[in-house]
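Trainee: I have a model open and would like to go through it with you. Could we start with the overall picture and then turn to single residues?

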Amino acid sequence: MNVPVDDNDLETSLRNAFVREREPSFEDWRAKYGDALTQLGRPTMTLTSKWRIQIMKWSVAALTVFVIAGVWMFLRGGSADEVFAQALAQATKANTFSADETMTYTQDGKQERVQQRIMFKQPHLERQEILKDGQITEITITDYGKRRRLSLQPAEKEAWSSDWNNVYEIDPETGNVRLEKLNTSFREELLSLQARAVQDLGEVELSGRKVRLTQSSNEKRVVKVWTDPQTRRPIQVSISRPNQETIISSIKIDEELPDDLFHLDPPQDYKISSDGMRTPRIGQLFAKMKYLLLKCYDYEAQHPKTFPPRLTDLYLKPDVLQNLLTLPGGGRLEYIRPEINGEMSKKVVLHEAYEKWPADGIVAGFGDGHVQRIQKEEDFKQLINGR
Amino acid sequence: VKVVHAELSDDILVKAACRGDVDSFAELYQRHLAMALGIAYCQLSDRALAEDAAQESFAEACRNLQKLRDGRKFPHWLAAICRRIAGRMKKARRHHGPLVEQEQVARANDDESYEVIRAAVERLPQVSKEVIVLRYFSESTHEQIAHALNITPAAVHGRLTRAKEQLKHDLTRQGLGVNTP
């Protein structure tokens with residue numbers, strides 16, 4: 001029997017004792033566990049997505065308050081509307097915006113904090129920075145004119161370049177798809193909050209500056225706005241709700257933003273990779289489904305824990321719905337009304353109807369609002385059958 | 001820009017996979033399969049069972065990838081999943097008889113001396129066994145082992161040296177190998 005007699009022998013014996021055999025390939029694994037791949041690209045309730053949902057809910061609530069307040073102010077003479085209209089008219093002449101947003105909230109007894117910096121330069125440029133403990137962890141720059149997006153991860157020196165040619169959004173007036181463009185609604189929302197904050201709390205000091213502090217409140221939240229007395233523009237806004245506070249600070253409207261903040265070339269020492277390009281059909285389907293799912297959430301806001309029985313029950317004009325349901329290249333959408341419980345991210349709510357499974361798969365929308373492409377029919381069937 | 005997955009870090013592959021890029025997950029699978037097999041083998045001492053455990057670990061990792069906040073920790077995270085799954089399999093199959101025997105049957109034509117070595121590795125403390133198996137069964141580098149075990153490459157070197165000393169001592173005690181008259 002050959003056994004090791006010295007260190008070299010031991011090394012050799014160990015190598016030979018564990019001779020590597022054929023290992024299962026990825027295709028072997030896929031044949032057995034391919035269903036797991038359907039989870040890729042599907043957002044879970046991470047801190048960031050929780051935060052986005054919070055922002056979405058907050059936006060819906062803000063819009064509702066805004067509409068109600070607008071009607072009320074209109075009946076009273078419309079003074080806040082006039083203020084807002086003036087501020088908006090002034091701001092839309094501006095072409096730059098930047099602000100820092102910090103949201104602190106308590107969930108399951110634990111305090112969480114998310115920070116982002118938003119900048120844009122009209123008509124096409126946008127930059128978003130995600131921060132953690134004051135350090136930038138991710139930068140996203142989008143040029144809607146050149147139809148490209150660049151994501152940077154400074155800590156890893158890695159860059160991700162994405163083709164934005166086939167990224168669409170829905171025109172709410174018509175229900176038609178259009179190429180996604182720069183969204184300035186964050187600025188408009190801040191200005192509307194400023195216009196509504198009519199309770200004057202007097203002159204206060206903010207970062208060494210004398211500013212005017214105003215407030216508006218209802219049973220759900222308190223909004224405070226710090227306004228520069230010279231420019232009359234907001235420089236800080238806070239929104240306090242039970243268990244949640246959002247502070248939008250360092251607000252700068254129409255101040256110089258250097259072009260190099262929006263460059264799409266990653267620094268030279270970054271490793272760069274890229275996303276595959278979406279086809280126009282896939283891009284349009286994504287936009288339509290996301291919009292319809294958002295409208296399902298609007299419905300659910302009015303009918304707690306209930307999605308609409310049919311898509312025709314959504315709060316959409318018939319012609320808008322008709323356009324939304326007209327799919328590129330023909331075809332139709334199927335709606336499966338879900339029960340609002342369990343893992344909504346696994347419940348197919350909308351999907352392309354098919355007779356024969358298309359070679360490039362189908363697009364499906366899920367109960368948590370995300371949309372994804374499903375390549376294999378068996379994966380789709382598993383999702384449907386597992387409901 | 002053409003993506004060369006093999007050149008990308010675990011972190012960026014995890015992020016891409018989270019966006020739905022199957023090729024990135026395939027690269028993670030190819031890159032870390034041997035390590036996962038090694039981790040599972042440490043618990044199960046059976047190659048076929050280790051393959052099952054490793055594959056199931058990748059399935060669980062795939063389903064929960066979005067929960068991994070730091071993609072750089074993918075190997076360590078995967079190793080933890082694999083340890084848990086292999087442990088569960090070991091417990092579930094304990095009543096089917098000793099696993100080492102199954103391995104011995106599967107390797108009936110193997111050189112007898114290698115069986116002695118494998119048996120000696122089996123007797124090592126878990127910490128030592130893990131580095132030996134990852135080094136010689138998985139053929140992982142010191143750096144890869146360090147990532148999987150969340151320790152430094154220097155610590156890997158130290159553990160390997162000690163593990164080999166323990167092996168030599170074990171073999172000698174049985175009247176085999178080093179310093180055997």
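Predicted model: local features only at pLDDT ≥ 70, side-chain atom pairs only at ≥ 80, totals over all residues.

Trainee: How many helices and strands does chain B have?

Mentor: Chain B has nine helices and zero strands, and accordingly its elements, read from the N terminus on, run α-α-α-α-α-α-α-α-α.

Trainee: And what share of the residues in chain B is buried?

Mentor: Of the 181 residues in chain B, 52% are buried. As for the contacts in chain B with a separation of 6 or more, 62% of them are accounted for by residues 24 or more positions apart.

Trainee: I clicked on Asp170(B); where does that one sit?

Mentor: Asp170(B) belongs to helix α9 of chain B, which covers residues 153-173.

Trainee: Why does Asp170(B) count as buried?

Mentor: Asp170(B) counts as buried because its relative accessibility is 8%, and the cut-off for buried is under 20%.

Trainee: Which residues does Asp170(B) touch, leaving out those up to four places away in sequence?

Mentor: With those left out, Asp170(B) touches Ala120(B) and Arg123(B). The side chains of Asp170(B) and Arg123(B) are joined by a polar contact of 3.0 Å, while Ala120(B) is 50 residues from Asp170(B) in sequence and 6.9 Å from it in space, C-alpha to C-alpha.

Trainee: Switching to chain A and its backbone, what is the peptide bond from Gln122(A) to Pro123(A) like, cis or trans?

Mentor: That bond, from Gln122(A) to Pro123(A), is cis, with omega near 10°. Pro123(A) itself lies in the loop of chain A between β2 (110-121) and β3 (125-132). As background, most peptide bonds are trans, and most residues other than glycine have a negative phi.

Trainee: On phi, then, what is the value for Ser250(A)?

Mentor: Ser250(A) has a phi near 50°, which is positive although the residue is not glycine. Ser250(A) is placed in strand β13 of chain A, residues 244-253, and it counts as partly exposed because its relative accessibility is 38%.

Trainee: What about the phi of Lys305(A)?

Mentor: Lys305(A) also has a positive phi without being glycine, with a value near 60°. Lys305(A) is found in the loop between α6 (280-302) and α7 (318-325) of chain A, and with a relative accessible area of 61% it is exposed, the cut-off for that class being over 50%.

Conventions. Residues numbered from 1 in each chain as written. Chains lettered and ligands numbered in written order. Heavy atoms only, no water. Helix = DSSP H or I, 4+ residues; strand = E, 2+ residues; numbered from the N terminus. Buried < 20%, exposed > 50% of the residue type's maximum accessible area, 1.4 Å probe, protein only. Contact = heavy atoms within 4.5 Å. Polar contact = N/O pair within 3.5 Å; in protein donor to acceptor, adjacent residues only side chain to side chain.
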